[in-house]
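Trainee: I am new to this structure. Please take me through its salt bridges.

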Amino acid sequence: MEDIKKQIDELKKKILYHNDLYYNQDNPEIEDAQYDELMRQLKKLEAENPELITKDSPTQRVGGVAKREAGVLVKHDVPMLSLQDVFSAEEVETFVDNMQKELDNPEFVVEEKIDGLSLALRYVDGELKLAVTRGDGVVQGEDVTANAMQIKDIKKKLKEKLPYFEVRGEVYMTREAFSLVNEKQELLGKRLFANPRNCAAGTLRQLDSKITKERNLSMFIFNLQKVEGIELKSHTQAYDFMHKQGMKIIHSYKVCKTKEEVLQAIEEIGNRRGDLDYDIDGAVVKINDFAQREKLGATSKVPKWAIAYKYPPEEKETKLLNIELSVGRTGRITPTAVFEPVWLCGTKVERATLHNQDFIDDLDIRIGDTIKVYKSGEIIPKVRCVIKEKRPQDSKPFIIGDTCPVCNAHTIRDDKADIRCSNPHCPAQIERWIINFVGRDAMDIKGFGMMYIKTLIENGYLKDPADIYYLYNYRDELIEKGLIGKEKNTDKLLNAIEKSKQNAPWRLLTGLGILNIGKSASRSLINHFHSFDDIAKATEEEIKQVADIGEISAKLVYEFFHDEENIALLNKLKEANVNMAEEKTEKTSDKFQGLTFVLTGTLETMGRSEASEIIQSLGGKASGSVSKKTSYVIAGANAGSKLIKAESLGVKIITEQEFLAMIKEN
Ligand SMILES: NC(=O)c1ccc[n+]([C@@H]2O[C@H](COP(=O)([O-])OP(=O)(O)OC[C@H]3O[C@@H](n4cnc5c(N)ncnc54)[C@H](O)[C@@H]3O)[C@@H](O)[C@H]2O)c1
Ligand SMILES: [Zn+2]
């Protein structure tokens, strides 16, 4: 019993964690199918041990919270509940059976379950007054009216001026609109959205309605919440009425009477799933008649008159055009499948990793094959299998050759399935290495794009990352050749490089690209040793003492720091004055004594952690959230809700420049 309770608690904790990422931060870590599996496990345990069900269990409540620091939370008039999920035809049949038992000759409506986020629209006297997100579903949601006003699909005025009319629908993004947003994000070097749902949710819940307008959201209405001034008896009647008002309702819904009809309608939706220009994640089966719905009622989480059938993860057939080989930072040769583009979970997909020769052999995948691809995490495309019946007659097994595709040096197969280029000076390896070095998680040198790195390697200016810090010696030459653009651009990049010398040392450590040692391991190492010199002096045993550093990592770090070439590289970096020791964050003055700062948005000249360090070193406090006690809010670009909260509390808001001036004062 204790054990089961522990299992339940652990599942709950996991689910709540993913709920927060998904609903509140619009940034999920796992795929929906994985999440659904966790929920299924929890439901099963709870069903077997009903005495262990608690009110706060994720099976009993809608998953999100209403979040808006600016205080614009709105009470729900009608709850915005979730739906009971089912995953098999049998469960659908059971639902239909139960309904037919409980109700007199019920009608079912089967419609697409749009993968977006829920929004309620309130019309008073025929005019849109309020748009509210689901939030916690029962008590309150977030007022996003300003954003809703920017969505073309949303009717601002109805034809008939009913005293009160509330509908609910799904805000979503077409695949095309989504691609455009991500293209732009990429151009601006910003975070890409994982899928249209997250993008739609993130967009609707941010505070700048200009952004909403730009991103082009769409909406389908799928329910009547409440009406005054006219009587509507059923879902389909309500749809007809809404349609006449000019509202965009879910299209091609089907009214069904029998199990067979319901299953057929679900299948039809499943079949057209890939051809739609938006994502759906299931089909909803609902009772049509409102009086019958009323009779059945709802739990604290879901109505009893509807279910959502979830389709298995999307898979597509396509043709394998080529297998490309690329060489990574450590010389590893990775095969990538390049296939005819297909749409999966809202994005166009045409490449997927094939990992290594073993994976290729296991699948027996050959160029020209018809393959099945799917998305793992709804993010990463993968190859599921080869359809052997469709294989062309003249196909040959694919073998990664014994020379490097970039430098032609010999390749070696290590004890795992990996095949590596044996040449440590292979340009492909250097390129990957430097891309990692200047990247956001490492030295974060802005404007140092892949094209420049390629050109500079080709022209012999970069042979290892330390060479970056000697580029200024060639400034005039570079400008003359136009390798990094003209004078202005060249100087801009050289300045960014110069500035990066002051970075916290964990960034440099991450940039060195030691196998296994990413950002968080680097941070741990620096937290422990404080400087490169002390890491270099440490024994393998001592390195192993560091939190999160296991035996293998310790060995790799130790070897890295005792390799002759690497020692030369580190010396080269040291001579260039790149920061290799943690600055003492001892207080250097008391200037900010008693002051609390909150940072919001992106600062131009420094990262957040850097700014926090400065504040602390001057005796001040850096806090994450705005309250009456906050002394200053430092507002960077794209500052969000914290700014609004600061304004409403009358907290002083300063720009980055003003902050810099405060630091410099006497
Ligand atoms: N990946 C993750 O970490 C993670 C975390 C939490 C939830 N999720 C996913 O979220 C979903 C669960 O979320 P949920 O509780 O919001 O339930 P849900 O999304 O499965 O179902 C309820 C929602 O369906 C929407 N909907 C779309 N079309 C509809 C229609 N025609 N009729 C009625 N409703 C319609 C409504 O907005 C309603 O809020 C699952 O798919 C789960 O996998 C994923
Ligand atoms: Zn090579």
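Mentor: First, the term. A salt bridge is a side-chain nitrogen of Lys or Arg within 4 Å of a carboxyl oxygen of Asp or Glu. This is a predicted model: local features need pLDDT of at least 70, side-chain atom pairs count only at pLDDT 80 or more, and totals for chains, interfaces and linings use all residues. Residues are numbered from 1 along each chain as its sequence is written, and side-chain values use heavy atoms, leaving out hydrogens and water.

Trainee: How many salt bridges does a search of the whole structure find?

Mentor: The search finds 39.

Trainee: What makes Lys 259 and Asp 97 a salt bridge?

Mentor: Their N to O distance is 3.1 Å. The cut-off is 4 Å, so the pair counts. Lys 259 sits in helix α9 (residues 259-272) and Asp 97 in helix α3 (residues 89-102), 162 residues apart. Helices are DSSP runs of H or I, at least four residues; strands are runs of E, at least two; both are numbered from the N terminus.

Trainee: Why is Lys 259 called partly exposed?

Mentor: Its relative accessibility is 24%. Buried means under 20% relative accessible area, exposed over 50%, partly exposed in between (1.4 Å probe, protein chains only). So Lys 259 counts as partly exposed.

Trainee: Glu 112 forms a salt bridge with Arg 272. Is Glu 112 buried or exposed?

Mentor: Glu 112 has a relative accessible area of 2%, so it is buried. Arg 272, at 22%, counts as partly exposed. Glu 112 lies in strand β3 (residues 108-114), Arg 272 in helix α9.

Technical notes: Chains are lettered from A and ligands numbered from 1 in the order in which they are written.
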